[in-house]
Structures are given as C-alpha cells and as structure tokens.
Amino acid sequence: MVGLGDSVAAATNCPGCRSFVALFAGALSAKYRTVVRESDLGVDGATTADLLDSLNRPGRVAAETAAADFVTVTIGANDVAGLNDTLARGGCPQGSCVDAATLSGIRDRLDEVLTRIAALRGGRRSDVFVTGYWNDYPDGQVAVQQSGRLFVMQSAAVTREVNAVIAQAASDTGAVYVDLVSAFKGIDSSRDPTGLLAGDGDHPNQAGHRAIARQLAAAEDDSAAG
C-alpha cells in the first residue's frame with residue numbers, strides 16, 4: 001500500500017506515531033490474512049501540483065504507485081494555505097474566502113493526479129482512497145486560543161468547499177472519497193477535535209491517526225462489499 005499526500009500522510013508533528021497509512025495497512029493485513037506492506041510517501045507542504053509532478057516523472061513515487069495494491073491520497077489543504085492570515089484577521093465576512101478559480105484548479109489537478117494513478121496501475125481505478133480534511137487549518141482549542149472562534153468557523157467553511165471539490169474529483173475518476181469531518185467532529189460537526197490533534201492544533205496525534213485509519217478501513221469494507 002502506498003500513501004500519497006502532504007504532512008497529514010507523513011505524520012508530521014507526531015513523534016513516534018504510527019501514521020494512518022501504517023495503521024490502515026495493518027487493518028488490511030488482518031482483514032485479508034496476508035502481509036500488506038506500506039510505503040508512506042507523504043511530503044510536508046505538498047500541494048496538488050507537487051503530487052502531480054512527482055507522479056509524472058520517473059522516480060520512487062511513480063514506481064511504487066504503479067506496483068501498489070492499495071493507494072491513499074491526502075492532498076489539497078496546502079493549496080489554500082495562503083488564506084491562513086486572512087482568516088486569522090477575521091476576513092471573508094461577506095462569503096467564501098476561496099475564489100472559484102482556486103477551487104476548480106484543485107479539482108482539475110486532483111482529477112489529473114487520480115487519472116495518472118490509474119494509468120500507472122494499468123488502468124485499474126479500484127482501491128484508491130481519497131481523504132478530505134477535518135480542517136485545512138489549525139482547529140480545536142489551539143485555534144480558538146490563537147486566532148479566535150471566528151477563525152475556526154470560517155476555516156471550517158473553507159474546508160467544506162475544498163472537501164467538496166476533492167470529493168468531486170474522486171467521484172469523477174472512480175476513486176473512493178473518505179470523509180474525515182465526521183471522524184474528527186462527529187456527524188453534526190459539533191464535536192471539539194482537540195483530543196485528536198497534536199500540540200500544534202494542525203496535525204493529527206496518535207489518536208487522530210487511528211481515527212483516520214478506522215475511517216479508511218470502513219470505506220474499504222463498503223467498497224469491497226459493493
């Protein structure tokens with residue numbers, strides 16, 4: 001199994017953690033009674049353009065993706081990282097912080113990423129799991145203390161828009177979209193996610209990685225059953 005994406009996939013700021021990539025591989029190993037080895041290729045700060053570039057050129061990312069039985073993709077949050085300061089200043093009072101061109105760019109590049117993954121795997125589109133985000137920015141009590149509740153509300157709104165285009169790209173290309181808002185915040189999005197976050201409020205802690213792996217395992221169960 002190959003895990004592609006950004007610092008979430010790379011288990012950044014979670015010293016000694018087993019990433020959700022490793023945990024999901026372990027769950028698959030138990031389910032299928034075989035050894036599923038993981039290769040975690042997450043890169044801090046990676047954007048959709050970065051991931052597309054790494055898949056389009058010869059190297060480890062393309063080679064291991066081509067050989068993978070399962071692929072996870074977690075990408076897109078860094079495409080809107082530049083809005084962090086605007087949100088922290090209480091921006092976007094009249095509506096979305098994200099312009100339509102940015103959102104369509106994320107969707108189009110992720111379409112290309114997922115199409116390229118399928119091509120590398122000989123046209124096989126199954127067993128590719130694309131996660132959304134619980135928040136593209138710091139969340140929980142850290143975000144409230146540092147930037148205020150308005151920041152948390154507006155960052156959640158931006159995240160919903162980004163998640164929508166991620167989900168659309170997954171649907172367009174036959175991949176499985178995996179919602180992480182419910183995993184971190186509950187079905188009604190009202191739960192405080194602090195207990196699942198590292199000290200920076202931005203990345204998952206070990207409990208957070210377990211929550212992502214459980215969500216992936218449930219999605220894989222549904223996909224296999226279907």
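These are my notebook entries on what I looked up in this predicted model.

**Ground rules**

I number residues from 1 along each chain as its sequence is written, and I work with heavy atoms for side-chain values, leaving out hydrogens and water. Since I have a predicted model here, local features need pLDDT of at least 70 and side-chain atom pairs count only at pLDDT 80 or more, while totals for chains, interfaces and linings use all residues.

**Entry 1: the whole chain**

I began with the helices and strands, which are DSSP runs numbered from the N terminus (helices are H or I, at least four residues; strands are E, at least two). I found nine helices and five strands in the protein. Walking along the sequence, I wrote down β-α-β-α-α-β-α-α-β-α-α-β-α-α. The radius of gyration of the protein is 17 Å, close to the 17 Å that the globule rule gives for 226 residues, so the protein is as compact as a globular protein of that length. For this I used C-alpha atoms, and the globule rule is 2.2 Å times the number of residues to the power 0.38. Along the principal axes, the C-alpha atoms fill a box of roughly 50 × 35 × 30 Å.

Next I looked at burial, where buried means under 20% relative accessible area, exposed means over 50%, and partly exposed is in between (1.4 Å probe, protein chains only). Of the 226 residues, 53% count as buried. I then turned to contacts, meaning heavy atoms within 4.5 Å. Among contacts between residues at least 6 apart in sequence, 76% join residues at least 24 apart.

I also noted the charges, with Lys and Arg as positive, Asp and Glu as negative, and His and the chain ends not counted. Each charge is placed at NZ of Lys, CZ of Arg, CG of Asp or CD of Glu. The mean positions of the 19 positive and 27 negative charges are 5 Å apart.

**Entry 2: the core**

Which residues touch the most other members of the largest nonpolar core? A nonpolar core is a set of buried Ala, Val, Leu, Ile, Met, Phe, Trp, Tyr and Cys residues joined through side-chain atoms within 4.5 Å. I found that Leu4, Val73, Leu110, Leu114, Ile117 and Val130 do, out of 65 residues in this core. Helix α7 (residues 149-173) gives the most to the core, with eight residues.

**Entry 3: phenylalanine 20**

Phenylalanine 20 sits in helix α1. Its relative accessible area is 0%, so I marked phenylalanine 20 as buried. Isoleucine 212 is 192 residues away along the chain, yet the two C-alpha atoms are separated by 6.0 Å. Not counting residues up to four places away in sequence, phenylalanine 20 touches Val8, Ala9, Thr72, Thr74, His209, Ile212, Ala213 and Leu216.

In helix α6 (residues 140-147), I listed Gly140, Val142, Ala143 and Val144 as the buried residues. Their cover includes α7. Glutamine 146 is also in α6, but I marked this residue as exposed because its relative accessibility is 61%. After α6 comes glycine 148, with a positive phi near 95°.

Asparagine 84 belongs to helix α4 (residues 84-88). With 27% relative accessibility, asparagine 84 counts as partly exposed. Beyond four places in sequence, asparagine 84 touches Tyr137, Pro138 and Phe151.

**Entry 4: two positive phi values**

Alanine 11 has a positive phi of about 60° and is found in the loop between β1 (2-5) and α1 (20-32). Serine 189 also has a positive phi, near 60°, and lies in the loop between α8 (181-185) and α9 (206-225).

Are these two residues buried or partly exposed? Alanine 11 is buried, at 14% relative accessible area, whereas serine 189 is partly exposed, at 41%.
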